[in-house]
Amino acid sequence: MNNSTAADAKEYFACSLAEAVGRKGYYVLPVEAMFGLLRDEGMYDSENISPIVLQNFNKHFGADAALFTTIEEWNKSWFLTTGSLTIKAKFELVSTSTAESIWDFSTRITVNLDSESKNVLVAMIESAVKTAMEDYFPNCLQANISAMDRALPYGKYHPQFNMDGSKMVPPNKFADIEIEK
Amino acid sequence: MKKLVLMSAVLLLLAACAQPPYIYYGNSSHSYYKAVKKQDELSVAQYKASLETVFKRSDAMGIKVPPGLYCDYALLLLKENRNEEAKAYLEKEKRNWQEANDMINFLAKRYGLD
């Protein structure tokens with residue numbers, strides 16, 4: 001679900017989450033196959049997914065859980081020599097058999113797009129261009145990998161499965177992450 | 001004796017560093033995003049190539065291809081009417097990941113590959 005003003009944000013997330021979750025040791029259903037099915041059935045927007053639909057994911061595809069993501073903010077900002085991208089997102093894993101929430105987490109990720117030039121004029125132009133022209137996908141991918149790394153336990157396929165029991169989830173199930181470009 | 005212990009520690013450390021990653025995605029997610037966004041022949045071809053790179057590198061490292069990638073490659077082959085090859089890649093997904101069974105059987109039926 002995209003509550004931000006950036007129309008592109010949904011695709012950035014949709015195309016990066018499978019890798020972020022797969023890296024943690026979980027089987028993730030094939031992305032393009034699932035998107036195709038959801039589009040064909042008019043369910044691409046997650047507002048349309050009811051508990052009965054979730055049960056069908058379990059029955060027909062063997063999915064134990066569905067990951068719902070809400071993009072709350074996707075803001076590019078630029079002022080003089082500094083630029084940044086701020087992404088706020090909420091993640092929730094929902095059981096497909098009971099529709100109950102089994103895990104949730106929120107993040108605020110700030111990508112620093114400042115120029116490194118010591119010349120003020122060059123720095124202004126560089127940071128403005130960076131902010132305007134940046135391909136944000138790698139930032140979004142890194143942000144989602146960081147988010148899952150902070151809070152999602154290792155899945156059964158990860159070599160460190162069952163070894164992270166003592167790892168603490170950040171307080172309030174929220175992480176503030178900064179990424180330097 | 002001290003030298004032996006030190007050498008063993010160094011060798012152990014080097015062995016640990018030499019472990020392949022658990023999983024390798026390469027540039028496949030970024031290429032997928034570009035293919036979804038642009039929806040032109042070039043970006044789809046680049047996505048396909050990025051998947052082939054993941055398959056080769058995973059094979060070379062002796063690790064599994066990440067979840068879903070064999071299946072998504074099969075869907076690209078279906079668009080090229082290469083149905084037998086697509087079926088083979090769907091089977092690879094099933095062999096690689098037991099959780100894929102239901103989904104792959106569903107897709108095989110949907111696309112007449114069963």
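Is A:Ser84 buried or exposed? A:Ser84 counts as buried, because its relative accessibility is 16% and the cut-off for buried is under 20%. I'll come back to that residue. Before I do, note that this is a predicted model, so every value I quote is computed from predicted coordinates.

Let me start with chain A as a whole. Chain A has five helices and four strands. Read from the N terminus, the order of elements is α-α-α-β-β-β-α-α-β. The C-alpha trace of chain A spans about 60 × 40 × 25 Å along its principal axes. Of its 181 residues, 48% count as buried. If you take the contacts in chain A with a separation of 6 or more, 66% of them are between residues 24 or more positions apart.

Now the core. The largest nonpolar core has 87 residues. Within that core, A:Phe13, A:Phe57 and A:Trp74 have the most contacts. Take A:Phe57: leaving aside neighbours within four places in sequence, A:Phe57 is in contact with A:Met34, A:Leu38, A:Ile49, A:Gly62, A:Ala63 and A:Thr96.

A:Trp74 turns up again if we look at A:Ser4. A:Ser4 sits in the segment before H1 of chain A. With a relative accessible area of 15%, A:Ser4 is buried. Not counting residues up to four places away, A:Ser4 touches A:Trp74, along with A:Ala9, A:Ile71, A:Glu72 and A:Glu73. A polar atom of the A:Ser4 side chain also lies 3.2 Å from the backbone nitrogen of A:Ala6.

Beyond its neighbours within four places in sequence, A:Ser84 is in contact with A:Asn75, A:Lys76 and A:Ser77, with A:Thr110, A:Val111 and A:Leu113, and with A:Thr131.

A:Ala65 belongs to strand E1, residues 65-79 of chain A. A:Ala65 is partly exposed, at a relative accessible area of 31%. Its contacts, setting aside neighbours within four places, are A:Leu93, A:Val94, A:Ser95, A:Thr96 and A:Ile102. A:Thr96 is also on the contact list of A:Phe57.

A:Arg108 is in strand E3, residues 101-112 of chain A. The side chains of A:Arg108 and A:Asp176 are joined by a polar contact of 2.5 Å. A:Asp176 is one of several residues that A:Arg108 touches beyond four places in sequence; the others are A:Thr86, A:Ile87, A:Lys88, A:Phe174, A:Ala175 and A:Ile177. A:Lys90 lies 18 residues from A:Arg108 in sequence and 9.1 Å away, C-alpha to C-alpha.

That leaves the interface. How much area do chain A and chain B bury between them? The figure is about 2,600 Å², and 64% of it is on carbon and sulfur atoms. On the side of chain A, the residues losing the most area to chain B are A:Tyr27, A:Glu32 and A:Tyr157, together 24% of what that side buries. The contact takes 31 residues from chain A and 27 residues from chain B.

As for polar links, eleven residue pairs are in polar contact across the interface. The count of salt bridges between the chains is four. Among them is the one between the side chains of B:Lys37 and A:Glu11, at 3.9 Å, N to O. On chain A, helices H1, H2, H3 and H5 each supply at least two residues to the side that touches chain B. H2(A) gives the largest share, seven residues.

Last, a helix from chain B. Helix H6 of chain B covers residues 101-110, and its buried residues are B:Met103, B:Ile104, B:Leu107 and B:Ala108. Why are they on the same side of H6(B)? Because they cover an arc of only 130° around the axis. In general, an α-helix has 3.6 residues a turn, so residues three or four places apart point the same way. The buried residues of H6(B) pack against helices H2 and H3 of chain A, and also against helices H4 and H5 of chain B. After H6(B) comes B:Gly112, with a positive phi near 70°.

Terms used. Residues numbered from 1 in each chain as written. Chains lettered and ligands numbered in written order. Predicted model: local features only at pLDDT ≥ 70, side-chain atom pairs only at ≥ 80, totals over all residues. Heavy atoms only, no water. Buried < 20%, exposed > 50% of the residue type's maximum accessible area, 1.4 Å probe, protein only. Arc of directions from axis to C-beta. Contact = heavy atoms within 4.5 Å. Core = buried A, V, L, I, M, F, W, Y, C linked by side-chain atoms within 4.5 Å. Polar contact = N/O pair within 3.5 Å; in protein donor to acceptor, adjacent residues only side chain to side chain. Buried area = accessible area lost by both parts, 1.4 Å probe.
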